[in-house]
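This briefing is for a reader new to the structure. It covers how the chain is divided and what lies where the parts meet.

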Amino acid sequence: MSSVAPVASPARPENAALRAAENHLAPVFAQYPLPIVAGEGIWLQTADGRRVLDLYGGHAVAALGYGHAGWTRALQAQAQTLNFQSNAVPLAVRERAAARLVRFSGLNFNSVFFVNSGAEANENALKMAFTITQRSEVVALEHGFHGRTAAAGALTWGAAGKWYGFPRPPFDVRFLARRELSALSAISERTAAVIVEPVQGVGGAFDLGAEYLGALRRRCDATGTVLIFDEVQCGMGRTGTPFAANLYGVQPDMITTAKALGNGFPCAALLMTPQVAKAVKLDALGTTFGGGPMACAVIEAVVEALESEHLLENVRRVSQYLREHCVVGPVSAIQGAGFLLGLICTRAAKDVHRALLERDIFTGTSGDARVVRLLPPFIMGEAEVDRLRAALLDIGA
Ligand code: PLP
């Protein structure tokens, strides 16, 4: 998932377990009382006839919203032409998607490895870092989230005490306090990689900022450490720039991205600089589904939509508008970047979340009990922000 989510669900987890037993689904998530049956644009339709404004986007996935014409056409056309072939054969659509993604990034990347999920992208990034450095320690940040697999979970703050599930981490892990410049000295010649979300998602839409990330880059350069930006949640335009790396002016050695990349079709990517790419040997990395034609057609369509519909400009403009107009009611401040925003509340985020849902606005919570997290589709406009503001005013301080 993405989230630690529903950290604070209006429905009790016991209900989820009960429902799951009835419907044969493993009870892995507490369930919001929102039986969604359809979506259009930024709106969700429920089975009981409600129209709900979606400011959560299915854990940051629905970047183009629901029923996007270009995305749907691309998926249909590719399904009719060639639904699957593996990485063992060259595919024009895969080459186009990689080239398009590299160009979109505007960063110093020349190689892409397509996989299926954010955690898988992170696992592969770490594998490259170990291969290059021959070291065995990884540094991550407190409150970071990197996924639920053995390596990604080992680097996820708090996972060990809650859900990690493996007997031990597969390498040495060290967590640093976020934005703490003095802590960077812990990165040493033993450190293979540092992995950070430039804007932490589950951590509460907490942006690390240009100064900290610049210092991190310099410390990694000084120690020969590989710098990985986990942009699974904050990448692909969510900050109003292609990646948060662009926003903060810091070039990492690798970026991992997923979620918005497919707008709901499961896919992820690992972007590598020429230096990292040189270390990729045949058979070192692999996947069956990653880079399949359907995923690649969708990735092309997503980038095309972001660019031709000027969605990054929209994210920047409407994000600013939201920050100016939504510090009202229970919201005392707003943090984050673009459309990864945290409404810092004067009371428990779960209560504000519930009150917004009662007013037909679907938001997210986070690992920070005071922060309501917004991850809206990039098509959100000022009118929807006005609706959020009215609801917050209605809820009151
Ligand atoms: N990294 C970040 C920053 C995430 O937010 C997530 C999921 O929420 C992941 C990694 C894991 O991605 P996935 O659930 O696709 O494996």
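A salt bridge here is a side-chain nitrogen of Lys or Arg within 4 Å of a carboxyl oxygen of Asp or Glu. By that rule, the count between domain 1 and domain 2 is 0 salt bridges. The model is predicted.

**Division of the chain**
- Domain 1 takes in 32-55 + 310-395, and domain 2 covers 69-308.
- Between the C-alpha centres of domain 1 and domain 2 the distance is 26 Å.
- In the contact, domain 1 takes part with 21 residues and domain 2 with 26 residues.

**Buried area**
- About 1600 Å² is buried between domain 1 and domain 2, and carbon and sulfur atoms give 60% of that area.
- Of the area that domain 1 buries against domain 2, 35% comes from Leu312, Leu340 and Phe378, more than from any other three residues.

**The side of domain 1 that touches domain 2**
- At least two residues of this side are supplied by each of helix H12 (311-325), strand S13 (331-337), strand S14 (340-345) and strand S16 (371-374).
- Helix H12 gives the most to this side, with 4 residues.
- By residue class, this side of domain 1 has 11 nonpolar, 7 polar and 3 charged residues.

Key: Residues numbered from 1 in each chain as written. Predicted model: local features only at pLDDT ≥ 70, side-chain atom pairs only at ≥ 80, totals over all residues. Heavy atoms only, no water. Domains from an automatic or database assignment. Contact = heavy atoms within 4.5 Å. Buried area = accessible area lost by both parts, 1.4 Å probe. Nonpolar A, V, L, I, M, F, W, Y, C, P; charged D, E, K, R; others polar.
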